Amino acid sequence: MAPIKKVDQLILSFVTSDNLPIVDLRPDSEYQKGHIKSSSHFPLENLIERVFQLPANSVGLKLVGNEHELEIGKSILVERGYHIESVLNWRNDYLSILERNNLLSEGATSERLWQPSPAVEHFLSLIKSSDPAIRALFDDLNASKCALDIACGAGRDAVYLAMQGWQVSAVDYLPQMLEKLSALSQFHQVSINSFLLDLEKTADALNKIPGLFDLVLVVRYLHRPLLNAIKQKIKPGGFIVYHTFMQGSEKIGRPKNPRFLLKKGELASQFSDFHIISDEIINLPDGRPTNFFIAKNK
């Protein structure tokens, strides 16, 4: 066995050498006995169905587990485009080293690696703005603020809003997406009202979702016949946050179909009777143009 100082150095180097996410693949029982304080728990047995909770695969990862867990986990992640920067073949005597260096945590605590969309982060940052004029736009929001996430996908935005105290409803047409939403909301101990609806084939679809909302959120989705119905779901004083692809994206990647690509100024025209807060063209890292739009119902 290596001298204790050398082992200490190995552990400290693994934990502190960079800021990359540490993914612990061990079972619940082992993880809860003790784990690296900054790590995230993704048991190997459900790693595949929880891959969507990892950061983008452009981010390198570090793995913790036994030899078998590391071999299988690395294979799963590499197949999905992740680069594994380093691995730690776990031994129980590492617990005392972590404790000695104030790097040990116990229980089910786990760092969140996924992020909401930039649209959601920006909208929530406006609510907390130090600028009184901006903050005043949100005076109508109260503690029971409610949001509707249209075409919610795996539910990261919906869950993040719920974690910030919003009452959230979310709709998608794919059962597997709502299953992911349910798993994610349970993991973070929040409640989401989910609706399985095909918004493009169900007559008067949005009216099947009860109530009006302080926020309607649409990210990376466009079905023009819904735009008027979306307006009708926003309370007076409520907000639309819309972020999706624009014409020109088809020259670089997806989507290609013009039905899914906004024209310049299209949302501003559609919501011309709202107070427009933001109407920006933002290029994604690959160059595809998107429209980031926020407006308030007067």
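Asp-93 and Arg-91 form a salt bridge, their closest N and O atoms lying 2.8 Å apart; the term denotes a side-chain nitrogen of Lys or Arg within 4 Å of a carboxyl oxygen of Asp or Glu. The model is predicted, so local features need pLDDT of at least 70 and side-chain atom pairs count only at pLDDT 80 or more, while totals for chains, interfaces and linings use all residues. Residues are numbered from 1 along each chain as its sequence is written, and side-chain values use heavy atoms, with hydrogens and water left out.

Asp-93 is partly exposed at a relative accessible area of 32%, and Arg-91 is partly exposed at 31%. Here, buried means under 20% relative accessible area, exposed over 50%, and partly exposed in between (1.4 Å probe, protein chains only).

The whole structure contains nine salt bridges. Another of them joins Lys-235 to Asp-214, at 3.5 Å from N to O. This pair links distant parts of the chain, 21 residues apart: Lys-235 belongs to strand β11 (residues 234–245) and Asp-214 to strand β10 (residues 213–219). Helices (H or I, at least four residues) and strands (E, at least two) are DSSP runs, numbered from the N terminus. Lys-235 is partly exposed at 26%, whereas Asp-214 is buried at 6%.

Arg-224 and Glu-266 also meet in a salt bridge, at 2.5 Å from N to O. Arg-224 lies in the loop between β10 and α9 (227–232), and Glu-266 lies in helix α10 (residues 266–270), 42 residues apart. Arg-224 is partly exposed at 28% relative accessibility; Glu-266, at 17%, is buried.
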